[in-house]
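Me: I've got a model open and want to talk it through with you. Can you take a few quick questions?
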Amino acid sequence: MRGENLVCPFHHFEFAPDGACVATGYGSSPPPKARLGALPVREVDDLIYVWRHAQGQPPSWEIEPWPLDAAYPTPYGKRHLLRDHPQDVVENIVDFGHLTPIHGTVGEVLSEPRFEAEGLRTSFRILPAGRDAAAWVSAAAPELTVRVQGLGIVYTSVEVPKIGCHIRTVLTATPVSPTHVEVYVSGTMWFDRLGRGRAAGALTSALSRPLAWVGSFDFGKDFPVWAHKTYLERPRLAKGDGPIMNYRRWARQFYSEPLDPACQAGRPDDDHSVPRQA
């Protein structure tokens, strides 16, 4: 970057915010009529989102931010590079069946998943299952309210009534290659019993890092499964797995129709296929 201009590292061509080339690294005058394509950008909750449509269509929906609440300190985040697809990362939210074997917990559904236009909402309580080492995390029976926007934006509100703790987390899954995604998870918390003063803010801010570590440790149990699994369009589901197929049908809206007529067999309105293009 140079000021507001984007600079190519090879010949130092400078491109203005509108995409036009305005200078070169060797002073060509006038600069060449080169131009970069511009993508719609939004800043929401201190994160930058870029809209990219395979067929160049403009944004068809907007990201709904968190309501402002000064009680929450600046969140702390961690990044993970995973071999996976954004759709599969988010699918974990409705895959209630994996909680016990992978995380040693049970999800008591409080509100069944609701698929609404570009959003998905659900809520559940985490309870311990058996003597798994992760069960202590659920001993306080936290209640999670989850709001998904598109394929890769997850807002979670966690309430732990037993200790008066309130947690907000944001997860984004960004494709960085045909086979990998970068998952960013951030969290912030406050305790209502501490009030909203400066001391309470300092304490809750200090707790954000260990909170992120605990969350990443538990979240990380899914990584080996994602890295080695095979995606099946029609999996053999069992009672208790959750509304996996409802989720996949909802997810189809976020894929473009294939441009090549020869590929129409995999179109999103075909009941036997879920498109996998990024």
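Me: Arg248 and Glu91: buried or exposed?
Reply: Arg248 and Glu91 are both buried, where buried means under 20% relative accessible area, exposed means over 50%, and partly exposed is in between (1.4 Å probe, protein chains only). Keep in mind that this is a predicted model, where local features need pLDDT of at least 70, side-chain atom pairs count only at pLDDT 80 or more, and totals for chains, interfaces and linings use all residues. Residues are numbered from 1 along each chain as its sequence is written, and side-chain values use heavy atoms, with hydrogens and water left out.

Me: What do the side chains of Arg248 and Glu91 meet in?
Reply: A salt bridge, at 2.9 Å from N to O. The term stands for a side-chain nitrogen of Lys or Arg within 4 Å of a carboxyl oxygen of Asp or Glu.

Me: And which parts does that pair tie together?
Reply: Arg248 is in helix α5 (residues 244-251) and Glu91 is in helix α1 (residues 86-91), so the pair ties together parts 157 residues apart in sequence. Helices (H or I, at least four residues) and strands (E, at least two) are DSSP runs, numbered from the N terminus.

Me: Why call α5 largely enclosed?
Reply: Because six of its eight residues are buried. Those in α5 are Ile244, Met245, Tyr247, Arg248, Trp250 and Ala251.

Me: What covers them?
Reply: The cover over the buried residues of α5 includes α1, β7, β8 and β9, with contact meaning heavy atoms within 4.5 Å.

Me: Back to α1. Is Gln87 in there buried or exposed?
Reply: Gln87, which lies in α1, counts as buried at 0% relative accessibility. Its side chain makes a 2.6 Å polar contact with the side chain of Tyr255. A polar contact is a pair of N or O atoms within 3.5 Å; within protein, one must be able to donate a hydrogen and the other to accept it, and residues adjacent in sequence count only if both atoms are side-chain atoms.

Me: Which other residue does Arg125 form a salt bridge with?
Reply: Glu143, where the closest N and O atoms are 3.1 Å apart. Arg125 is in β8 and Glu143 is in strand β9 (residues 143-149), so this pair ties together parts 18 residues apart in sequence. Glu143 is partly exposed, with a relative accessible area of 25%.

Me: Which residues are linked in a network of salt bridges?
Reply: Glu64, Arg114, Glu116, Arg121 and Arg147.

Me: Switching to strands. How many residues of β12 are buried?
Reply: Nine of the twelve, so to speak a mostly covered strand (residues 180-191). Strand β6 (residues 76-83) runs antiparallel to β12 and is joined to it by eight bridges, with Leu81 opposite Glu182. Strands count as paired if DSSP finds at least two bridges between them.

Me: And how do β11 and β12 go together?
Reply: As a hairpin, with four residues between them. Strand β11 (residues 165-175) is antiparallel to β12, with eleven bridges joining the two, and Pro175 has Val181 as its bridge partner.

Me: What's the strand order in the open sheet of three strands?
Reply: β1-β2-β3, with antiparallel pairing. β1 (6-7) and β3 (21-23) are at the edges with a single partner strand each, so one side of each has no neighbour in the sheet. Two bridges join β2 (residues 14-15) to β3, and Glu14 is opposite Ala23.

Me: Which residues form the nonpolar patch on the surface?
Reply: Leu39, Val41, Ile48 and Val50, with about 370 Å² of accessible area together. Ile48 sits in strand β5 (residues 47-50) and is exposed, at 57% relative accessible area. Patches are made of residues with over 30% relative accessible area and no salt bridge: like charges are joined within 9 Å, nonpolar side chains (Val, Leu, Ile, Met, Phe, Trp, Tyr) within 5 Å.

Technical notes
Accessible areas come from the Shrake-Rupley method with a 1.4 Å probe; for residues, only the protein chains shown count as cover.
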